[in-house]
Amino acid sequence: MPPSPRIVIVGAGISGLSLGYRLQQHLPLASITILEQADRPGGTMWTLRENGFQIEIGPNGFLDTKPATLTLCREVGLGTQLVEASEAAGKNRFLFVGDRLQALPAGFGAFLRSDLLSWRGKISLLWERVRRARTDRSDESIDAFARRRAGPEAAEVFADALVSGIYAGDPKLLSLPACFPRIAELERVYGSVSKGFAAEAKKRQAEATAKGDVYERPGKMWSLTGGLRVMVETLVTQLKQAPLYGVNIGSLQKQGDPHRAVWRVQADGQDAWEADAVVLTCPAFQQAKMLAEVDHDLALQIGAIRYNRIAVVALGFRKSDVPMPLDGFGYIAPQNTRRDLLGVQWCSSIYPERAPADCVLLRAMCGGWNRADIVDWDDTRVLQAMRDELRLAMNISAEPVFHKIIRWDKAIPQYHLGHLDRVAQIETRLIQHPGLFLGGNAYHGVALNDCTEQGNVIAERIATYLM
């Protein structure tokens, strides 16, 4: 290993920042340079603070189903600022189906009483537990999986809603094992998803009892008192060298020994950096552009990963102008309903201090794979469409006292059918380019937890490579 290895990370989103922090632990003598095209860190993970409102422009929090992000927050001194989503947000979620809000069933009795499915649809979903598992290991869309395991009604209501809430994509195009690997694994191991969830919950409960701990069901959502921006800003302060902003990468060049290459990262101007290892954590379409001259075929594979388009519309209302109680997380409109929005989060009911005391904050999401055109609408049209939707679903007729529209032309990577094969081919191709590593949310999960977890994995790989 060089006495002071040089590492360049391209991208100062949460993937790049968490990776930089972990690399400092693995390689304390390394020189770690993080380059960022924008004028601030965080990428899509950032919190706006305007007029007493606190608005997340990207992810709204993270789950504790994986420990990576909670562990990272506590390590950097943010343990006391962690805030758990309200109990109501965890329990009460809604779908907009049949031109009205309907609660997602929280238990078996509520499921039987629900109007979301017909009796035939309910029986088909309950039959999932005894259906024979699929032995074919070829790729399968989320829609096809849901229809096969739970029936067409459950696919059109629950599977569509799940995909809309996480990927804002098309369940007929998205790969189940790529997007929801745990669900695919439950069928493979237990023969049934519902049996698998029950068996794993029982196992976790037994393990907690054996340790003398109180069992808590995983799946709680977390943020920070000052919003997710606080995690970004704190990670920056933990770095020995602050990221460099406003850097547009023109090209990458591989030099020297093919088995232990030196990489040259060239900016559009005169600036350049030489490195023993380079990590691209920026979006896939940017990675593809940077790698076009290094490896045309690799760049084509990476560039084939598609993204959707999303507009985030934050709306502040006076509490007195909202006629219904905001006792929950919010609602989703399944994409097959072709509404003008994907869903609405009741942000001020999920976390405290998201709005002034006499106001509430809602965050509407629109666009997505099937309604990308909405992102091109002008502000007046977008705002009117959101108001029309809220009037229909929540009976809100008053004008908002605050609004903010954030557009993402390339928002969430879409793990379409064949994604896992594509990633395998990309990783095989990378073997030809020692010292080059790929990160970000384009490959192994789009959630915040996936990004911080991959930061841990890639840091270990780089440390092993350089030793």
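1. Basis. The model is predicted, so local features need pLDDT of at least 70 and side-chain atom pairs count only at pLDDT 80 or more, while totals for chains, interfaces and linings use all residues. Residues are numbered from 1 along each chain as its sequence is written, and side-chain values use heavy atoms, with hydrogens and water left out.

2. Five-stranded sheet. Five strands form an open sheet with parallel pairing, in the order S10-S2-S1-S14-S22. Strands are DSSP runs of E with at least two residues, helices are runs of H or I with at least four residues, and both are numbered from the N terminus. Two strands pair if DSSP finds at least two bridges between them. The edges are held by strand S10 (244-245) and strand S22 (436-438); each has a single partner strand, so one side of each is left without a neighbour in the sheet. Strand S1 (residues 6-10) and strand S14 (residues 277-280) run parallel and are joined by four bridges, with Val10 opposite Leu280 in S14.

3. Helices on that sheet. Helix H1 (residues 14-26) packs on the sheet and touches S1, strand S2 (31-36) and S14; the direction of H1 makes about 175 degrees with that of S2. Helix H17 (residues 448-466) also packs on the sheet, touching S1, S14 and S22, and its direction makes about 170 degrees with that of S22. Axes here are lines fitted to C-alpha atoms, for helices over the stretch in contact, and angles run from 0 to 180 degrees between N-to-C directions. Contact means heavy atoms within 4.5 Å.

4. Three-stranded sheet. Strands S11, S12 and S13 form an open antiparallel sheet in the order S11-S12-S13. Strand S11 (249-255) and strand S13 (272-275) are the edge strands, each with a single partner strand, so one side of each is left without a neighbour in the sheet. From one strand to the next the twist averages 15 degrees. Four bridges pair strand S12 (residues 262-267) with S13 in the antiparallel sense, and Arg264 stands opposite Glu274 in S13.

5. Hairpin S3-S4. Strand S3 (residues 47-50) runs antiparallel to S4, and four bridges join the two. Arg49 has Gln54 in S4 as its bridge partner. Two residues separate the strands of this hairpin, and Asn51 in the turn has a positive phi of about 55 degrees. Strand S4 (residues 53-56) is covered on both faces: Phe53 and Ile55 on one side and Gln54 and Glu56 on the other are all buried. Buried means under 20% relative accessible area, exposed over 50%, and partly exposed in between (1.4 Å probe, protein chains only).

6. Thr47. This residue lies in strand S3 and is buried, with a relative accessible area of 0%. The side chain of Thr47 makes a polar contact with the side chain of Glu56 at 2.9 Å and reaches the backbone nitrogen of Leu228 at 3.2 Å. A polar contact is a pair of N or O atoms within 3.5 Å; within protein, one must be able to donate a hydrogen and the other to accept it, and residues adjacent in sequence count only if both atoms are side-chain atoms. Leaving aside neighbours within four places in sequence, the contacts of Thr47 include Gln54, Gly226 and Arg229.

7. Arg371. Arg371 sits in the loop between strand S19 (359-367) and helix H15 (379-394). At 16% relative accessibility, Arg371 counts as buried. A polar atom of the Arg371 side chain lies 3.0 Å from the backbone oxygen of Arg339. Leaving aside neighbours within four places in sequence, Arg371 is in contact with Arg338, Arg339, Asp340 and Trp377.

8. Helix H5. In helix H5 (residues 119-126), Gly121, Lys122 and Ser124 are buried. Seen down the axis of H5, the buried residues fall within an arc of 165 degrees, so they line one face of the helix; the arc is that of the directions from the helix axis to the C-beta atoms. Trp119, Arg120 and Ile123, on the other side of H5, are exposed. The buried residues pack against helix H4 (108-113), helix H6 (142-150) and helix H7 (152-166).

9. Nonpolar cores. A nonpolar core is a set of buried Ala, Val, Leu, Ile, Met, Phe, Trp, Tyr and Cys residues joined through side-chain atoms within 4.5 Å. The largest has 77 residues, of which Ile7, Leu23, Phe62, Tyr167, Met231 and Ile462 touch the most other members. H17 gives the most to this core, with eight residues. Apart from it lies another core of 32 residues, among them Val247, Leu252, Leu280 and Leu438.
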